[in-house]
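I opened the model today to look up its fold, its cores and its charged pairs. My notes follow in the order I made them.

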Amino acid sequence: MARIREAAERVARSEGLEIFDVEWKVGKQRFLRVYLDRLPGPQNPEGLGVSHNDCQRVSEQLSVILDVEDLVPGPSYVLEVSSPGLDRKLIKPEDYVRFAGRRAKVWLNEPVENQKFFEARLAGYADGMVTLSVRDREIAVPYAAIQKANLVVDF
């Protein structure tokens, strides 16, 4: 997986994107899922997200590299390239800073204030702690205690 991720990162960088996540799923078929992201900042002044064309370009280039470098041995597989979506996973400390002010669902490995689940506004990250805004008060949650977190789609 490390070599697959490295190849995906090379292609993504060449398109001004970054790799958000790489998943390998095996069921009736083998799936390699690559999630792309476009970070805000000076390199993205319009604040654009990932487009269908971005996914197509990365998919085409990555497919060739995976085949030429024989990075996915064995029977056939399906390569899927997409954006993380509106309800994206939060997987890095930087995600909690980037999406401060947005609502999220957060599941914990261990209770904080007698709760293992929060739906709250993200209020930031510092010193290993994620701050959640819950009903006009802030709760600090250890980043290491977060089992899973996703943004909530606001309409």
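What percentage of the residues in the protein is buried? I find that buried residues make up 37% of the 155. Buried here is under 20% relative accessible area, exposed is over 50%, and partly exposed lies in between, with a 1.4 Å probe and protein chains only.

**Ground rules.** I am working on a predicted model, in which local features need pLDDT of at least 70, side-chain atom pairs count only at pLDDT 80 or more, and totals for chains, interfaces and linings use all residues. Residues are numbered from 1 along each chain as its sequence is written, and side-chain values use heavy atoms, with hydrogens and water left out.

**Fold.** I count three helices and eight strands, taken as DSSP runs (H or I of at least four residues for helices, E of at least two for strands) and numbered from the N terminus. From that end the order reads α-β-β-α-β-α-β-β-β-β-β. The C-alpha trace spans about 55 × 40 × 30 Å along its principal axes. I also looked up contacts (heavy atoms within 4.5 Å). Of those between residues at least 6 apart in sequence, 52% join residues at least 24 apart.

**Surface.** The protein exposes about 9200 Å², and carbon and sulfur atoms supply 50% of this area. The areas come from the Shrake-Rupley method with a 1.4 Å probe; for residues, only the protein chains shown count as cover.

**Cores.** I next looked for nonpolar cores, meaning sets of buried Ala, Val, Leu, Ile, Met, Phe, Trp, Tyr and Cys residues joined through side-chain atoms within 4.5 Å. The largest has 20 residues, and Leu32, Val34, Leu36, Leu62 and Leu66 have the most contacts inside it. At least two of its residues come from each of α1 (2–14), β1, β2, α2 and β3. A second, separate core of 18 residues includes Val112, Phe118, Val130 and Val141. I then listed the contacts of Leu32, leaving aside neighbours within four places in sequence; among them are Ile4, Trp24, Leu66, Val72 and Leu79.

Strands β6 (residues 129–134) and β7 (residues 137–142) run antiparallel and are joined by six bridges. Two strands count as paired if DSSP finds at least two bridges between them. Val130 has Val141 in β7 as its bridge partner, and both of these valines are in the second core. Two residues lie between the strands of this hairpin, and Arg135 in the turn has a positive phi of about 45°.

**Salt bridges.** How many salt bridges does the structure hold? I get 15, each a side-chain nitrogen of Lys or Arg within 4 Å of a carboxyl oxygen of Asp or Glu.

- Asp54 and Arg38 meet at 2.4 Å, N to O. The pair links helix α2 (residues 52–68) to the loop between β2 (30–37) and α2, 16 residues apart.
- Glu113 pairs with Arg137, with the closest N and O atoms 2.8 Å apart. Glu113 is in the loop between β4 (103–112) and β5 (115–126), and Arg137 is in strand β7, 24 residues apart. Glu113 is partly exposed at 44% relative accessible area, as is Arg137 at 40%.
- Glu18 pairs with Lys92 at 3.3 Å between the closest N and O atoms.

I also note a network of salt bridges that links Glu15, Arg38, Asp54 and Arg57.
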